[in-house]
Amino acid sequence: MNDDRHGPEHRVLILAPNRRDAARAESVIRDARIDCCVCPSMAELVREIEVGAGTVLTAEEALGDEGGRPLTAALARQQSWSDLPVLILTRPGADSPAVAQALETLGNVTLLERPIRIASLVSALRAALRARQRQYQIRSQLRDREQAAEKLKEADRRKDEFLATLAHELRNPLAPIRNSLHILREAGRGDTGLGPICAIMERQVNHMVRLVDDLLELSRITRGQIELRREKVDLATVVHAAVETSQPLIDAADHRLQIELPDEPLWIEADPVRMAQVFANLLNNAAKYMDSGGLIRISARSSGGTVSVTVADQGIGIDADMLDGVFEMFTQGQPSRRTQDGLGIGLTLVRSLIEMHGGRIQASSAGRGCGSEFTVCLPLTAAPRRRHADTAGLGDSGLPRRILVVDDNRDAADSLGLYLELLGIEVLVVHDGESALRSLAQFAPEVVLLDIGMPGMDGHEVARRARSQAAYDGVVFIALTGWGQDKDRIASRAAGIDHHMIKPVDLPALETLLRSLAGASPRRLPLPPASAGRCSAGAVAALGRH
């Protein structure tokens, strides 16, 4: 065989009944320029197969009465891709028991009846080696797939680590911002100018928090598995939130925005953050795909239990052949001259979110240069029942009396301490693990709000050391951390931490948890003498004045 492949995997292994036949077979095969190896015994053949083989050439006499059981056992140990060809030279006439056994157990068997022409034998060997080479190609492909799968696993692992770290780093600055907003809202009660500003900032912080949450579960977005937090919301509220997000882009392009909404409320059952994301995306696209100075119109009308919201622009339009595929992943039109290409996934997510809300979206355009319209149809729902005003004020009873806040992020710790003081709680703020352990004895808190990722002694070690002392059995430990994966919650529980909350913490949810803990009447520690380091009520007043 005119083959430049070398190595044990491309050999013909010869097992002949005697040395003379083996020598003749070896001579014929080598004359055909095929690599071969003579095996003097069945045991040697089995050993050479383990080293590597392209095919096996043997005779029925060499198989013995048992049809080559050791060979059968060796072939059974092959990997899934392997089906080693076996060529058997047989005597003329009826099949012997050894041949019948070989056909049944050896698998890939070819019988060559003697006498056989040399050309026929060489042709059969070459065919067997070509078949074996195809098996090696399959093996190579399987290895490539396994390596690719391993690389994907490693990339996925690194992605998860990166997203977890990124989410943690983003949550750290968001925590003091959210805490400070709650303080500003409470300190500025009655200030008609401050309320709307706080509301705007809280909506944007909540939006950022939701986006950070999605970083940890990015695969859910592509699979349409985003968790919706539904509530009854007025469509106008959602639209205005979207406008608030998109207004800077609209203003930067010197566009005009026209909003046409009915006077009466249109109630939908929706996740307000996600629906605002939908309309903000449509408004952003309208602004990007239109030259400066254009008109964007967002309008709504209700009919038959549904509401239709249309976002129309005077932009570059959509070609007729693009309309059907505009919502597909990575599909993009041609942007206007002042924009740059994006990823082409925005409209795909828009459609997914709308369908998750039980709605639908449709795109229309008269063609190139004629603008575009995107119409979102959503089911309407009944108006919510009126709620009695919440008269619970700051400083109500039913909360723990003393809370220790431990966080190396001073802004996060101090702002949280200020908020807790507004609730009428005595608070001590410290910024490292050693100080936290000392404060357990000096301050005797009922609850410890504990950051995990502190330098030196981390939050887990603080909890473990505290739990090793019976004196602190009645203290409730609550982790406030940017680490929010399942493994992080498991680690907290193993360290003796009772509750695990994610930064930036939802302060009403924290207050609810604290009230539930106070209602459970845990064992109280004796009140300590007054100590330094507590948040100052004067600081709250000063913050309110500014």
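Helices (H or I, at least four residues) and strands (E, at least two) are DSSP runs, numbered from the N terminus. Contact itself denotes heavy atoms within 4.5 Å. The model is predicted: local features need pLDDT of at least 70 and side-chain atom pairs count only at pLDDT 80 or more, while totals for chains, interfaces and linings use all residues. Residues are numbered from 1 along each chain as its sequence is written, and side-chain values use heavy atoms, with hydrogens and water left out.

Two strands pair if DSSP finds at least two bridges between them.

Helix H1 (residues 19-31) contains Asp31. This residue is exposed, with a relative accessible area of 64%; exposed means over 50%, buried under 20% and partly exposed in between, using a 1.4 Å probe and protein chains only. The C-alpha atoms of Asp31 and Val122 are separated by 9.8 Å, although the two residues are 91 apart along the chain.

In soluble globular proteins, nonpolar side chains tend to be buried together. A nonpolar core is here a set of buried Ala, Val, Leu, Ile, Met, Phe, Trp, Tyr and Cys residues joined through side-chain atoms within 4.5 Å. The largest such core has 41 residues, and Leu235, Phe279 and Leu282 have the most contacts inside it. Among the elements that each supply at least two of its residues are helix H9 (235-252), helix H10 (272-288), strand E10 (306-313) and strand E12 (373-379). H10 gives the most, with nine residues. Leaving aside its neighbours within four places in sequence, Phe279 is in contact with Leu235, Val238, Ala242, Val309 and Val376. A second, separate core comprises 26 residues, including Leu418, Val427, Val447 and Met501.

Strand E13 (residues 402-406) pairs with E15 in the parallel sense over four bridges, and Val447 is the bridge partner of Ile403. E15 also pairs in the parallel sense, over four bridges, with strand E16 (residues 476-481), where Val448 stands opposite Phe477. The chain crosses from E15 through helix H15 (residues 459-467) to E16 in a right-handed β-α-β crossover.

Confidence is expressed by pLDDT, the predictor's score for each residue from 0 to 100. The chain averages 81, and 83% of the residues score at least 70. Confidence is highest in strand E15 (residues 447-450), at a mean of 96, and lowest in helix H18 (residues 537-545), at 29. Over residues 335-345 pLDDT stays under 50, as it does over residues 521-546. Where pLDDT is low, the predicted coordinates should not be read in detail.

Definitions and conventions. Right-handed = clockwise from strand over helix to strand, strands pointing away.
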